[in-house]
Amino acid sequence: IFTREEYEATVPENVPDYFVTDVMAIDPDTIKKITYVIHQGPTDLFRIDENSGAIYTTRGLDYEKDSEHILVIGTLENMSDTKGSTTKVIVKVEDRNDIPPVFTKIPPPIMLEDDTPIGTSVYDLEATDSDGTAPGNKVRYEIIGRGKATKYFQIDPDTGKLKVTNDLKKEVDTEYQIDVRAYDLGEPQLSSVITLDIYIQHVATVAPEVGLRFADNSYSIQVAENATVGTLIKTLTIVNSRAHGGNIPLRCQITSGNAEGK
Ligand SMILES: [Ca+2]
Ligand SMILES: [Ca+2]
């Protein structure tokens, strides 16, 4: 007969062969023999020493799957349903930090112009942590490692928002690989790393004449064979692509053509 109706124990997740608790029954018979058995409950996760009544885990428990287990322990000597023939063991599983944060999506390559203002948001990184409890499921972000990335970009440790923090024109580099680490606040700390590719387009500072071009790439004009010298063939339109290009004087010349005017 079990003297206690209920036992409660707390077990960390992931530990096989962990001692959970002892149960005890007393045998009022003259021949004292007690053989403990698990009547109900996950026998794939727990075993009981049939002589001592000590309960152990058989393999690691998973808090994220089940945070509590209930076992009903009985004895082979008393298989009746009467009060005291069984006892209940409530096993509470304690969460351990056993799952790292995982980035929810892979960032696409990002194009930026070199005149992107400081403070501009480039990308929102997001990682989630499936651990059951804090702080093992609290996620923070940081830029790690190589190169000049940390000089030009910063990540908000709480939100994962990546921002431009410097004048991109200062650098001739056109490509940054930014390694971002998402880590949890659990013990031990777990993390994952993702790489963002950022390409910088250096907006050319054009010389004045580079901004000039003809309106069309080629012209085809019919000229009568008896046209006299000095006949106007075509006026060529020239486009000035520079915004501030007002009435600057222009000069055109023929750079090649039929030799000797033939
Ligand atoms: Ca966990
Ligand atoms: Ca975690």
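Because the model is predicted, local features are reported only at pLDDT of at least 70 and side-chain atom pairs only at pLDDT 80 or more, while totals for chains, interfaces and linings use all residues. Residues are numbered from 1 along each chain as its sequence is written, chains are lettered from A and ligands numbered from 1 in the order in which they are written, and side-chain values use heavy atoms, with hydrogens and water left out.

The overall picture comes first. The protein chain has 1 helix and 18 strands, where helices (H or I, at least four residues) and strands (E, at least two) are DSSP runs numbered from the N terminus. Of its 262 residues, 31% count as buried; here buried means under 20% relative accessible area, exposed over 50%, and partly exposed in between (1.4 Å probe, protein chains only). The chain exposes about 17,000 Å², of which carbon and sulfur atoms supply 51%. Accessible areas come from the Shrake-Rupley method with a 1.4 Å probe, and for residues only the protein chains shown count as cover.

Salt bridges provide some specific examples of links along the chain. A salt bridge is a side-chain nitrogen of Lys or Arg within 4 Å of a carboxyl oxygen of Asp or Glu, and by this rule the count comes to 10. One of them joins K83 and E5, with the closest N and O atoms 2.6 Å apart. K83 lies in the loop between β6 (68-75) and β7 (86-94) and E5 in the segment before β1 (6-12), so this pair ties together parts that are 78 residues apart in sequence. Both K83 and E5 are exposed.

Another salt bridge brings together the side chains of D124 and K161, at 3.4 Å from N to O. This pair links distant parts of the chain, with D124 in strand β10 (residues 121-124) and K161 in strand β14 (residues 161-164), 37 residues apart. D124 counts as partly exposed at 41% relative accessibility, and K161 also counts as partly exposed, at 30%.

A further salt bridge is formed by K148 and D173, whose closest N and O atoms are 3.7 Å apart. K148 lies in the loop between β12 and α1 (149-152) and D173 in the loop between β14 and β15 (175-184), so the pair ties together parts that are 25 residues apart in sequence. K148 is partly exposed at 37% relative accessibility, and D173 is partly exposed at 27%. Together with E171, these two residues are linked in a network of salt bridges.

A polar atom of the D129 side chain does lie 2.9 Å from the backbone nitrogen of D131. Beyond its neighbours within four places in sequence, D129 is in contact with I99, P100, P101, G136, N137, V139 and D184. The loop between β11 and β12 also holds P135, and the peptide bond from A134 to P135 is cis, with omega near 0 degrees. Another cis peptide bond joins E187 and P188, with omega about 0 degrees; P188 lies in the loop between β15 and β16 (191-201).

T21 and A9 are 12 residues apart in sequence and 6.5 Å apart in space, C-alpha to C-alpha. Leaving aside neighbours within four places, T21 is in contact with Y7, A9, G53, A54, I55 and V89. In the loop between β1 and β2, N14 has a positive phi of about 70 degrees although it is not a glycine, and N14 is partly exposed at 39% relative accessible area. D17, found in the loop between β1 and β2, has a phi near 55 degrees, a positive value in a residue other than glycine.

How values were computed
A polar contact is a pair of N or O atoms within 3.5 Å; within protein, one must be able to donate a hydrogen and the other to accept it, and residues adjacent in sequence count only if both atoms are side-chain atoms. Contact means heavy atoms within 4.5 Å.
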